Amino acid sequence: MLLLKHTDIDECTGNPCQHGRCVNQDGGYKCTCSPGWTGQNCQQDVNECTRNPCSRGSCVNKAGSYQCTCPPGWTGQNCQFDIDECARNPCQHGRCVNKDGGYKCTCSPGWTGQNCQQDINECTRNPCQHGRCVNQGGGYKCTCSPGWTGQNCQQDIDECGKKPCQHGGTCWNQLGSYKCACSSGWIGRNCDSQIGKFKLMR
């Protein structure tokens, strides 16, 4: 009896697997496909976007892969990582609070704007009661009229404390000023002129 010897053909020599590894088998072969490919010969691209891999943003299918286009504030292959915008110190005059997909600035007094970059003009609300307002970066300064003091020129200066009325005159403090009630024989704002001498000078 004649026995015929069976010889298996190695189909893998022809590289049938387009995107994968070929494993020869008796009477055939099998392809182990690379990620992103399917089909008998790994010739068919898998559309990964059908399983919605991008946590945020839009998915673009590519040959054997995919790519996520992330919205502002997010990063990572699947847009799964929040970007810490506070790391670049965006708040010029304030404190930065990181949030999902963004950030928020808590501005210091006297500043406003998304990045606390805009100086507030406090002088528009007329804070200086008896004086002139000068706007400054993050604040303001009052230049008080004579007779007034305080941050907002709201406090009357008691000029009588300096005893301006001479020769026994009585000082009366007034808002923003003072008045002297002179003793007999004296005149002038500070009771510093004798009546007789005043007449001789005239």
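Predicted model: local features only at pLDDT ≥ 70, side-chain atom pairs only at ≥ 80, totals over all residues.

Student: What makes cysteine 107 and cysteine 116 a disulfide?

Tutor: Their sulfur atoms are 2.1 Å apart. The cut-off is 2.5 Å, and the pair is within it, so it counts as a disulfide.

Student: What is the handedness of the disulfide of cysteine 107 and cysteine 116, and why?

Tutor: The torsion about its S-S bond is about -90°, so this disulfide is left-handed.

Student: Which class does cysteine 107 fall into, and why?

Tutor: Cysteine 107 has 27% relative accessibility.

Student: How many disulfides does the rule give?

Tutor: The count comes to 15 disulfides. One of them joins cysteine 54 to cysteine 68, with an S to S distance of 1.9 Å. Cysteine 54 lies in the loop between β4 (44–45) and β5 (58–62), and cysteine 68 in strand β6 (residues 65–69). The two are 14 residues apart, and the pair links distant parts of the chain.

Student: Why is the disulfide of cysteine 54 and cysteine 68 called left-handed?

Tutor: The torsion about the S-S bond is about -90°, so the disulfide of cysteine 54 and cysteine 68 is left-handed.

Student: Are cysteine 54 and cysteine 68 buried or exposed, and what shows it?

Tutor: Cysteine 54 has 13% relative accessibility and therefore counts as buried. Cysteine 68, with a relative accessible area of 11%, is buried.

Student: What is known of the link between cysteine 86 and cysteine 96?

Tutor: A disulfide joins cysteine 86 to cysteine 96, S to S 2.0 Å. This pair too links distant parts of the chain: cysteine 86 is in the loop between β8 (81–82) and β9 (94–99), cysteine 96 in strand β9. The angle about the S-S bond is -80°, and the link is left-handed. Cysteine 86 is buried at 15%, whereas cysteine 96, at 23%, counts as partly exposed.

Student: What makes arginine 56 a charge over the ring of tryptophan 74?

Tutor: The charged end of arginine 56 is 3.6 Å from the ring centre. The distance limit is 6 Å, and arginine 56 does sit over the ring. The charged end of arginine 189 sits over the ring of tyrosine 178, 4.2 Å from its centre.

Student: How many aromatic pairs are there?

Tutor: The structure holds zero aromatic pairs.

Terms used. Residues numbered from 1 in each chain as written. Heavy atoms only, no water. Phe/Tyr/Trp six-rings, centres within 6.5 Å; stacked < 30°, edge-to-face > 60°. Lys NZ or Arg CZ within 6 Å of the ring centre and 35° of its normal. Helix = DSSP H or I, 4+ residues; strand = E, 2+ residues; numbered from the N terminus. Buried < 20%, exposed > 50% of the residue type's maximum accessible area, 1.4 Å probe, protein only.
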